[in-house]
Amino acid sequence: MEACNDYYYATRDPLGAAGDFTTAPEISQMFGEVIGAALADCWTRAGAPADAIYAEAGPGRGTLASDALRVMRAAGFDGAVHFIETSPVLREIQRQSHADAKWHDSLESLPPGGPLMLVANEFFDALPVRQFIDGIERRVVLTPAGLAFDRDGEVVEDSPVRDEAAREIGALLDERGGVALVIDYGHASTAPGETLQAVRGHAYAPLLHKPGEQDLTAHVDFEALASQAAVGGVKVTRLVSQGEWLKRLGIGVRAAALTDASPERAAELASTVQRLTGKSAMGELFKVVAFHSASWPAPAGLE
Ligand code: SAH
């Protein structure tokens, strides 16, 4: 999974209608704006530290960062922007709208300094999972008919790579202060089950079909993430569904303002809100959690 996704992301921009999948920030500016508003509010309540930085893990096209930072800049935040991104193709696209950002291969290379405001939207789901059947790791083997799993049965997934990333975020927040917002699709509690999936051209594809040519993701185990982040002592907020959180943070008010400004967009904006918040769309499967240092408040809507 790791090798496939490294190649996959390194060789293309997978986002949008012409790509393989679409994410919330690519659906609407309102998504990033709400995140920016939540972070700006945290930053203000933390005393508006001038040395705070904005960081984003897996920023895609940089769209979420543009929308979030527009709101944060308006609130007075003037800090630096750091992107954790391995794909050279996506880095180039990010550079077009964030010329002054700094890029990193991993969280460890963020420069030391002030408090961190970190965002990770659909980042963890792309990090590799392992699968176990009866306690033995499931492998992919080459057969005369092509790639195949070495056995079937009841699958349990875990992810040392995600665990490590969550621990690192927790340690960074502990050390420098700040807050991290994680948005992803997944489940609230650790449970057995196979969630690995392949997506290509906006449709599910056979898992082992075209390694490196289709997006591999697995549900995020938020319980595992939270327990790893909390190892260093940071606080973990409640887990709230994306739909509920966006509504609590006033996506309806934002949509109404945009509709007032462009009445001809009324139907489009209403369907966008529905796509981001509706239970059968992204609203229920996608979830939001924050990690924050003792010195920083929990973001609004997650207290
Ligand atoms: N957050 C964006 C993009 C999500 S796609 C959005 O919501 O639109 C996943 C992102 O994570 C891509 O930018 C991809 O290149 C990046 N990524 C995947 N694996 C990574 C890794 N191991 N380290 C850093 N970035 C990674």
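Aspartate 152 and arginine 138 form a salt bridge, with their closest N and O atoms 2.7 Å apart. A salt bridge here is a side-chain nitrogen of Lys or Arg within 4 Å of a carboxyl oxygen of Asp or Glu. Aspartate 152 lies in the loop between strand S8 (146–149) and strand S9 (155–158), and arginine 138 in the loop between strand S6 (136–137) and S7, so the pair ties together parts that are 14 residues apart in sequence. Strands (E, at least two residues) and helices (H or I, at least four) are DSSP runs, numbered from the N terminus. Aspartate 152 is exposed, at 67% relative accessibility, whereas arginine 138 is buried, at 10%. Buried means under 20% relative accessible area, exposed means over 50%, and partly exposed is in between, with a 1.4 Å probe and protein chains only.

The model is predicted: local features need pLDDT of at least 70 and side-chain atom pairs count only at pLDDT 80 or more, while totals for chains, interfaces and linings use all residues. Residues are numbered from 1 along each chain as its sequence is written, and side-chain values use heavy atoms, with hydrogens and water left out.

**Other salt bridges**

The count of salt bridges comes to 17. Three of them are listed here.

| Salt bridge | Closest N and O atoms |
|---|---|
| Aspartate 152 and arginine 138 | 2.7 Å |
| Arginine 265 and glutamate 268 | 3.0 Å |
| Glutamate 26 and arginine 61 | 3.5 Å |

Glutamate 26 lies in helix H2 (residues 24–27) and arginine 61 in the loop between strand S1 (53–57) and helix H4 (63–74), so this pair ties together parts that are 35 residues apart in sequence. Glutamate 26 is partly exposed, at 23% relative accessibility, and arginine 61 is partly exposed at 25%. In the pair of arginine 265 and glutamate 268, arginine 265 is partly exposed at 26% and glutamate 268 is partly exposed at 39%. Salt bridges also link Glu33, Asp67, Arg70 and Arg254 in a network.

**Nonpolar cores**

A nonpolar core is a set of buried Ala, Val, Leu, Ile, Met, Phe, Trp, Tyr and Cys residues joined through side-chain atoms within 4.5 Å. The largest one has 44 residues, and those with the most contacts inside it include Ile35, Tyr54, Met117 and Trp245. Helix H3 (residues 29–45) gives the largest share of this core, 9 residues. Leaving aside neighbours within four places in sequence, methionine 117 is in contact with residues including Leu39, Trp43, Met72, Phe77 and Trp296. Contact means heavy atoms within 4.5 Å. Another core, of 26 residues, lies apart from the largest one; among its residues are Ala57, Leu127, Leu225 and Phe291.

**Aromatic pairs**

The count of aromatic pairs comes to 5. Rings of Phe, Tyr and Trp (its six-membered ring) pair if their centres lie within 6.5 Å; planes under 30 degrees apart count as stacked, over 60 as edge-to-face and the rest as tilted. Tyrosine 8 and tyrosine 9 form an edge-to-face pair, 5.1 Å centre to centre with 85° between the planes. Both tyrosine 8 and tyrosine 9 are buried. The ring centres of phenylalanine 123 and phenylalanine 124 are 5.4 Å apart and their planes are at 75°, so this pair is edge-to-face. Phenylalanine 123 and phenylalanine 124 are both buried.
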